[in-house]
Amino acid sequence: MRIEVVTLFPELIRAALGFGVIGRALTRGLAAVGTEDPRVHTSDAHRTVDDRPYGGGPGMVLKPGPLAAAIAAAQARLPEGSPRICLSAAGERFGQRHARALAALPGFVLVAGRYEGVDERVLVTSIDQELSIGDFVLSGGEIPALAVIDAVVRLLPGVLGDERSSAEESFAEGLLDWPQYTRPVEFAGLGVPDVLLSGDHAGIARWRLKQALVRTWERRPDLIVKAQLSREASRLLDEHLAERAAARAATIRGEI
Ligand code: SAM
């Protein structure tokens with residue numbers, strides 16, 4: 001896989017990709033990330049990449065010419081048909097399903113905006129999709145681009161030590177992750193659930209699924225509504241709800 005990032009700050013992208021799982025994946029050649037700076041595509045002495053917005057108002061807008069030329073140069077290094085994605089607070093919300101879809105491609109272009117954003121005509125002529133990483137405004141698209149790269153590259157075969165890691169973590173089944181524990185067995189007066197020490201693999205799998213269901217139910221009920229729960233998952237969630245109702249009833253009886 002090859003990812004091209006169009007950015008005014010290529011060093012920022014390169015520097016951030018040198019660490020941990022992603023850094024190792026790039027060093028091992030499991031993915032490659034290139035950059036294209038719109039400044040290279042300017043022709044004036046000041047290498048101007050921004051201009052005032054038509055209609056007035058604060059801030060500057062990325063000029064269409066250098067940006068479109070940079071996107072074309074980045075795309076030329078990728079297989080034909082590779083999508084061009086602009087990071088934008090106004091885009092579709094990026095999620096694990098986007099990461100999975102992008103991880104199946106041989107390449108894509110990420111365009112990081114700056115200033116007040118990108119001239120609309122570049123979005124019309126040179127961009128296939130706009131993605132947002134959340135309902136907040138950052139000063140540039142580099143951090144969102146890095147978030148997308150990280151989420152995608154860690155899904156590539158061979159990147160994580162154990163392929164089960166990405167299959168079992170949050171959102172893999174449309175659910176949040178279950179609680180994790182490691183040694184020591186007691187920390188700050190708190191222990192580890194007995195089942196995790198039992199060696200009973202089926203019991204552990206059931207406990208984890210139930211914890212993931214309960215967490216998702218409590219923290220992100222919208223995900224439960226969307227998730228296609230297996231019969232076992234529905235049964236475990238019903239079991240939890242029945243236990244919770246029984247506990248509440250007991251509390252009320254105790255209070256009376
Ligand atoms: N005027 C824009 C608005 O109100 O949406 C904000 C522009 S922002 C200061 C500059 C750039 O940061 C954007 O062009 C975009 O590339 C990036 N950006 C900011 N917030 C983002 C988010 N939540 N998701 C993705 N990209 C974002």
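Trainee: How many of the 12 residues of H6 are buried?
Mentor: This is a predicted model, in which local features need pLDDT of at least 70, side-chain atom pairs count only at pLDDT 80 or more, and totals for chains, interfaces and linings use all residues. Residues are numbered from 1 along each chain as its sequence is written, and side-chain values use heavy atoms, leaving out hydrogens and water. Helices (H or I, at least four residues) and strands (E, at least two) are DSSP runs numbered from the N terminus; buried means under 20% relative accessible area, exposed over 50%, partly exposed in between (1.4 Å probe, protein chains only). H6 is largely enclosed by the rest of the structure, because its buried residues number 9.

Trainee: How far apart are the end C-alpha atoms of H6?
Mentor: The expected span of a helix is 1.5 Å times one less than its number of residues. For the 12 residues of H6 this should be 16 Å, and the end C-alpha atoms agree, being separated by 16 Å.

Trainee: Which residues does Val148 contact, neighbours within four places in sequence aside?
Mentor: Contact means heavy atoms within 4.5 Å. Val148 is among the buried residues of H6. Its contacts are Leu87, Phe94, Leu102, Phe108 and Leu110.

Trainee: Is Ser88 buried or exposed?
Mentor: Ser88 is found in strand S5. Residues up to four places away not counted, Ser88 touches Glu130, Leu131 and Ser132. Because its relative accessible area is 19%, Ser88 is buried.

Trainee: What distance separates the C-alpha atoms of Arg97 and Glu120?
Mentor: Arg97 lies in helix H4 and is exposed, with a relative accessible area of 56%. Arg97 and Glu120 are 23 residues apart along the chain, and their C-alpha atoms are separated by 26 Å.

Trainee: Is Phe136 buried or partly exposed?
Mentor: Phe136 lies in the loop between strand S7 (129-132) and H6. Because its relative accessibility is 45%, Phe136 counts as partly exposed.
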